[in-house]
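Look over the structure first, then read on.

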Amino acid sequence: MTEQQSLSTAPAQGSEGLTVALHIGAPFTDEDQLVWSLRKDAGRLLKDGVLVRRPGTYMKELTDLKGRAAKADVSEEDCGAFLDGVLREADASRVVLSMSSILGMPAWMLNGGRLYKNAGANTAALRSVFPQTRCEFFLGLCNPATLVPTAFGAQSQKDWYDFAGDTDLMALRWSEVVGDILSANPECGITVWCNEETPVVWPQVLGQVTGQGAGYRFAGETDILRQAMTEEGTRRLEAYLTARPKLSEAQRDQVRELFLSYFHSEDAVEEEIDLPGWSQGFVDTMTDRYFEDVELIRNIPGVTVIG
């Protein structure tokens, strides 16, 4: 059976008791690395009931269904047929899907003076593609002090002043985005983590998304670290952890953090921010407010914060 097989029109088989784990970004964090890290263990995960498909096998149709759902122009039969096509008779209790652009396009991320103002409506449309299935959201947060310049540089539709508009950049809050998503999807939990901590907490992220939890060893657990560490440092870290299988998850996090501090790659340097009115003090203040906001998010019911 090919990756692009035609879809059945029958209701989704085995959707009762199924959970769909929806990775929704944020844009410019790990992008699709989550899926590719999990695909390294695709066969082993499927034996545990966790199905991880390649985004290319479903993205076009999922995007179409999400757009139609936003206009109330999609039927349960359409949604069931899509889920059938994803499952392909696989014996799965959990499906991992990724749509990292769902929060919004770069040029419009500050539209209305807020961070991703349409996050609630967009995620509600995505969730409605799975009307009879339990859904969970997974979101990597990112410091606005780095996210805003990256998003601005990734688009060509607007100059800086049109892009930023009258937005109070110091008032950008991920807690508002998370709150909007929860309000629009009250039956769905959401798990978040800070992109800045991803190299260290990546195994926890993989464990939460798959539902396997702590203690499950993933072949891709050092994928993000490899991007930030020297080759020698990564090799030493993997050897160190392999030789100490009884370390707790907290101890493994501490080890990863220690190795990262010693073997940080000089090639993984931060880009200089050159935007009107931005200074080091401006960036520092925005960063402080971001981490204060993360602490607020920890106390929002229905939210799990990794790290």
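Is arginine 256 buried or exposed? Arginine 256 is buried, at 1% relative accessible area; buried means under 20% relative accessible area, exposed over 50%, and partly exposed in between, with a 1.4 Å probe and protein chains only. The model is predicted: local features need pLDDT of at least 70, side-chain atom pairs count only at pLDDT 80 or more, and totals for chains, interfaces and linings use all residues. Residues are numbered from 1 along each chain as its sequence is written, and side-chain values use heavy atoms, with hydrogens and water left out.

**Arginine 256**

- Arginine 256 sits in helix 12, residues 249–262. Helices (H or I, at least four residues) and strands (E, at least two) are DSSP runs, numbered from the N terminus.
- The side chain of arginine 256 makes a polar contact of 2.5 Å with the side chain of aspartate 253. A polar contact is a pair of N or O atoms within 3.5 Å; within protein, one must be able to donate a hydrogen and the other to accept it, and residues adjacent in sequence count only if both atoms are side-chain atoms.
- Neighbours within four places in sequence aside, arginine 256 is in contact with Pro199, Val200, Pro203, Glu221, Leu225, Leu237, Leu241 and Glu249. Contact means heavy atoms within 4.5 Å.

**Cavity**

- The whole structure has one cavity of 30 Å³ or more. On a 1 Å grid over the protein atoms alone, a cavity is a set of points where a 1.4 Å probe fits but cannot get out; lining residues have an atom within 4 Å of a point.
- The largest cavity holds about 50 Å³ of space. Grid points are joined across faces, edges and corners, and a volume is the space filled by probe spheres set on the points.
- Which residues line the largest cavity? They are Pro144, Leu169, Met170, Leu172, Arg173, Trp174, Met286, Arg289, Tyr290 and Asp293.
- Helix 13 (residues 280–298) gives the most to this lining, with four residues.
- By class, the lining of the largest cavity has seven nonpolar, no polar and three charged residues. Ala, Val, Leu, Ile, Met, Phe, Trp, Tyr, Cys and Pro count as nonpolar, Asp, Glu, Lys and Arg as charged, and the others, Gly among them, as polar.

**Cysteines**

- How many disulfides does a search of the whole structure find? The search finds zero; a disulfide is a pair of cysteine sulfur atoms within 2.5 Å.
- Cysteine 135 is in no disulfide, and the nearest cysteine sulfur, that of cysteine 188, is 5.3 Å away. That distance is too far for a bond.
- Cysteine 135 is buried, at 2% relative accessible area. Cysteine 188 is also buried, at 4%.

**Backbone geometry**

- A cis peptide bond joins glycine 25 and alanine 26, with omega about 10°. Alanine 26 lies in the loop between strand 1 (19–23) and helix 1 (33–39).
- Phenylalanine 28 is found in the loop between strand 1 and helix 1. Its phi is near 70°, a positive value in a residue other than glycine. Phenylalanine 28 is partly exposed, at 25% relative accessibility.
- Alanine 72 has a positive phi of about 55° although it is not a glycine. Alanine 72 lies in the loop between helix 3 and helix 4, and is exposed, at 72% relative accessible area.

**Serine 75**

- Serine 75 is in the loop between helix 3 (59–70) and helix 4 (76–87). It is partly exposed, at 27% relative accessible area.
- A polar atom of the serine 75 side chain lies 3.1 Å from the backbone nitrogen of aspartate 78.
- The C-alpha atoms of serine 75 and leucine 141 are separated by 33 Å, at 66 residues apart along the chain.

- Threonine 198 is in helix 9, residues 198–210. It is buried, at 2% relative accessibility.
- Neighbours within four places in sequence aside, threonine 198 is in contact with Trp193 and Ile224.
- Glutamate 238 is in helix 11, residues 231–242, and is partly exposed, at 27% relative accessibility.
- Glutamate 238 is in contact with Thr222 and Arg226, leaving aside its neighbours within four places in sequence. A polar contact of 2.9 Å joins the side chains of glutamate 238 and threonine 222.

Note on methods:
1 Å grid on protein atoms, 1.4 Å probe; cavity = no way out; pocket = protein on both sides within 12 Å on 5 of 7 lines; lining within 4 Å.
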